[in-house]
Amino acid sequence: MLNQLAKNSLEPEIALSNGKPTVFEFYADWCEACKEMAPDMVNAEKLNSNKIDIVLLNVDNSRWFDLIDKYDVNGIPKLTFFDDQGEFKGFSLGVRKYSELNEIFLALINNSELPSFTKLSNSSNLISKNNLKVLNNSIKSEGPRDHS
């Protein structure tokens with residue numbers, strides 16, 4: 001499922017400049033939380049495919065290290081949200097279910113306030129390539145899956 005999303009993914013700069021809201025999903029092939037969310041992401045993307053762009057960015061690909069640093073990715077899956085002008089709107093760390101993804105996508109499409117979710121979700125920690133220690137997440141997860 002992750003491969004299906006990745007192969008349909010636009011380049012980040014194209015997605016941010018084409019007049020549609022954009023979601024960056026930072027993920028890894030080894031990430032169990034990413035795999036858990038993939039089917040819901042595929043379904044939500046299908047429902048909104050002509051209204052929103054989804055860009056998958058593999059954290060293990062050195063090509064994306066600049067974006068990983070820019071958007072402070074220290075856990076995955078991390079969704080980063082942009083409006084139709086390519087302006088940063090917010091982010092979500094951890095698994096989001098289909099209904100939550102649809103709420104987020106509709107808020108982006110309608111240029112309305114992003115929903116907030118009180119339920120914590122699973123995520124995987126990343127190791128900082130600069131100092132080789134696990135970074136603390138501002139959003140804590142239930143039973144985090146540490147792959148370090």
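Predicted model: local features only at pLDDT ≥ 70, side-chain atom pairs only at ≥ 80, totals over all residues.

Guide: Let's start with R96 and E100, which are both buried. Buried means under 20% relative accessible area, while exposed means over 50% and partly exposed is anything in between, using a 1.4 Å probe and protein chains only. The side chains of R96 and E100 meet in a salt bridge, with 3.6 Å from N to O. For a salt bridge, a side-chain nitrogen of Lys or Arg has to be within 4 Å of a carboxyl oxygen of Asp or Glu.

Residues are numbered from 1 along each chain as its sequence is written, and side-chain values use heavy atoms, leaving out hydrogens and water.

The whole structure has 5 salt bridges. One of them joins E11 to R63, with the closest N and O atoms 2.4 Å apart. That pair links distant parts of the chain, 52 residues apart: E11 is in the loop between α1 and α2 (12–17), and R63 is in the loop between β2 and α4. These labels come from DSSP runs, numbered from the N terminus: helices are H or I with at least four residues, strands are E with at least two. E11 counts as partly exposed because its relative accessibility is 27%, and R63, at 48%, is partly exposed too.

Now compare E32 and K35, whose closest N and O atoms are 3.4 Å apart in their salt bridge. Both lie in helix α3, 3 residues apart, or about one turn of the helix. E32 is at 39% relative accessibility, so it counts as partly exposed; K35, also at 39%, is partly exposed as well.

Zoom in on F105: leaving aside neighbours within four places in sequence, F105 is in contact (heavy atoms within 4.5 Å) with V23, M41, A44, E45, N48, I52 and I54.
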